[in-house]
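Subject: Structure handover

Hi there,

Here is the structure I promised to pass on to you. Please open it alongside this email, and then read on for what I found.

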Amino acid sequence: MSDALPPHLETRPGTSELIRTDWSREEIQAIHDLPLPELVHRAQTVHRLFFNPTQIEAASLLSVKTGGCPEDCGYCSQSAHYETGVKATRLMDVEVVVEAARAARDAGASRFCMGAAWRSPKDRDMSEVCEMIERVRALGMQTCVTLGMLTAEQAVRLRDAGLDFYSHNVDTSPEYYGRIITTRTLQDRLETIERVRNAGIKLCCGGIVGMGEVLSDRLGMLHLLASLDPHPESVPINQWNEVRGVPVAGTAEKLDPVGFVRLIAVARIVMPRSVVRLSAGRTAMSEELQALCFTAGANSIFIGDRLLTTKNPVRDRDFAMLRKMGLDVVSSLPAETVEA
Ligand code: SAM
Ligand code: DTB
Ligand code: SF4
């Protein structure tokens with residue numbers, strides 16, 4: 001692994017060897033297949049070397065441009081290819097976005113993520129998005145945007161506006177990818193990821209499970225993420241949030257909860273320093289399952305009753321759940337504040 005550890009971790013012998021980008025699929029499978037107590041113990045051990053296991057980061061999402069997307073992502077409510085009932089809107093007014101960010105901050109979120117249903121942003125959209133970033137940043141929040149594919153120039157513009165994170169998922173394994181999306185390739189995504197990195201923006205990159213894929217695809221997705229050098233600072237693991245009218249709806253199968261916990265633990269072990277976000281899909285998860293996920297190394301959630309177009313648990317219930325578990329919502333986690 002190329003980049004240095006932060007000083008507070010360098011004093012701990014052996015931690016740098018844990019950060020690897022050369023995991024083999026076989027190693028990942030073997031970790032996944034460990035007896036559950038062994039797997040969770042290993043994930044907890046790694047987690048504690050890099051994070052405080054009682055701390056959870058909270059981010060909020062806002063769809064700043066909804067629906068009418070030209071891409072055909074088979075899981076998405078916002079694709080113009082499917083009848084999902086989601087109404088297409090124009091890019092939101094900056095003031096409305098800033099007010100939503102302020103409300104999210106006052107409700108406990110430290111990061112505000114703005115999503116747009118674009119294949120890629122048009123240059124005329126960039127000025128407005130950059131203004132949103134500047135204004136949300138001025139509220140003292142970390143900023144994140146997800147706008148689709150970027151050119152190198154667009155990535156630099158976002159960096160200059162003060163963007164902290166760009167979110168761009170690999171979504172699934174290389175083998176399953178073509179079954180889910182045909183209008184852009186995995187290579188296209190990797191190129192955007194590279195441009196984001198080159199501009200010096202932190203990366204939020206993960207994927208979705210529960211789209212009819214098999215276990216080797218889920219592990220293939222984690223392998224792909226763990227092969228990114230450096231690892232994404234933030235790794236959202238989404239369980240597909242049900243959307244009617246999309247192709248995935250015909251094949252989707254909710255994961256066995258223990259199988260889901262195993263994936264979280266594997267993500268924690270193979271990307272020790274990344275923040276692992278228990279992302280979409282929590283409305284369908286019991287508190288017990290979420291507790292196991294936090295025990296297996298997940299340390300971030302989205303708060304607020306809406307993700308982009310689909311539901312998320314209501315905030316008060318989430319805070320009550322975290323309180324019950326003795327977990328604190330913090331404004332930044334140690335490993336994530338380190339410069340890449
Ligand atoms: N249009 C941009 C793009 O796709 O690059 C940004 C917005 S897109 C909605 C962001 C991510 O949300 C997708 O890459 C996908 O991983 C996730 N996502 C979309 N719909 C989802 C669903 N129904 N359940 C879980 N995750 C979903
Ligand atoms: C991510 O991996 N999940 C978030 C965020 N990154 C942008 C988006 C989840 C969207 C869920 C579907 C919806 O609400 O439309
Ligand atoms: Fe468009 Fe993003 Fe949805 Fe794909 S995931 S259809 S790119 S909004």
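First, some housekeeping. This is a predicted model, in which local features need pLDDT of at least 70 and side-chain atom pairs count only at pLDDT 80 or more, while totals for chains, interfaces and linings use all residues. Residues are numbered from 1 along each chain as its sequence is written, chains are lettered from A and ligands numbered from 1 in the order in which they are written, and side-chain values use heavy atoms, with hydrogens and water left out.

**The core**

A nonpolar core here is a set of buried Ala, Val, Leu, Ile, Met, Phe, Trp, Tyr and Cys residues joined through side-chain atoms within 4.5 Å. Buried means under 20% relative accessible area, exposed means over 50%, and partly exposed is in between (1.4 Å probe, protein chains only). The largest such core has 92 residues, and Leu158 and Phe260 touch the most other members. Helix α11 (residues 257-270) gives this core its largest share, 9 residues; helices (H or I, at least four residues) and strands (E, at least two) are DSSP runs, numbered from the N terminus. Another core, of 8 residues, lies apart from it and includes Ala59, Phe165, Phe302 and Leu307.

Have a look at Phe260 itself. Leaving out residues up to four places away in sequence, Phe260 is in contact (heavy atoms within 4.5 Å) with Val209, Ile237, Gln239, Leu255, Leu278, Met285, Leu289 and Cys293.

**The ligand**

There are 17 residues around ligand 1, counted when a heavy atom lies within 4 Å of it. Those that come nearest are Ala116, Thr146, Asn169, Asp171 and Asn241. Several polar contacts (pairs of N or O atoms within 3.5 Å; within protein, one must be able to donate a hydrogen and the other to accept it, and residues adjacent in sequence count only if both atoms are side-chain atoms) are worth a look. A polar side-chain atom of Asn169 is 2.8 Å from an oxygen atom of ligand 1, and a backbone N or O atom of Ala116 is 3.1 Å from a nitrogen atom of the ligand. In the side chain of Trp240, an N or O atom lies 3.4 Å from a nitrogen atom of ligand 1. Taken alone, the ligand exposes 560 Å², of which the protein buries 89% (Shrake-Rupley method, 1.4 Å probe; for residues, only the protein chains shown count as cover).

**A loop residue**

Glu253 sits in the loop between β7 (234-239) and α11. Glu253 is exposed, at 57% relative accessible area, and touches Gly210 and Gly212, not counting residues up to four places away in sequence.

**Salt bridges**

The count comes to 19 salt bridges, each a side-chain nitrogen of Lys or Arg within 4 Å of a carboxyl oxygen of Asp or Glu. Glu27 and Arg20 form one of them, at 2.9 Å from N to O, and Arg20, Asp22 and Glu27 are linked in a network.

Arg135 pairs with Glu95, with the closest N and O atoms 3.0 Å apart. Arg135 is in helix α6 (residues 123-137) and Glu95 in helix α5 (residues 94-106), so the pair ties together parts that are 40 residues apart in sequence. In contrast, Glu99 and Arg102, joined at 3.2 Å, both lie in helix α5, 3 residues apart, about one turn of the helix.

Happy viewing!
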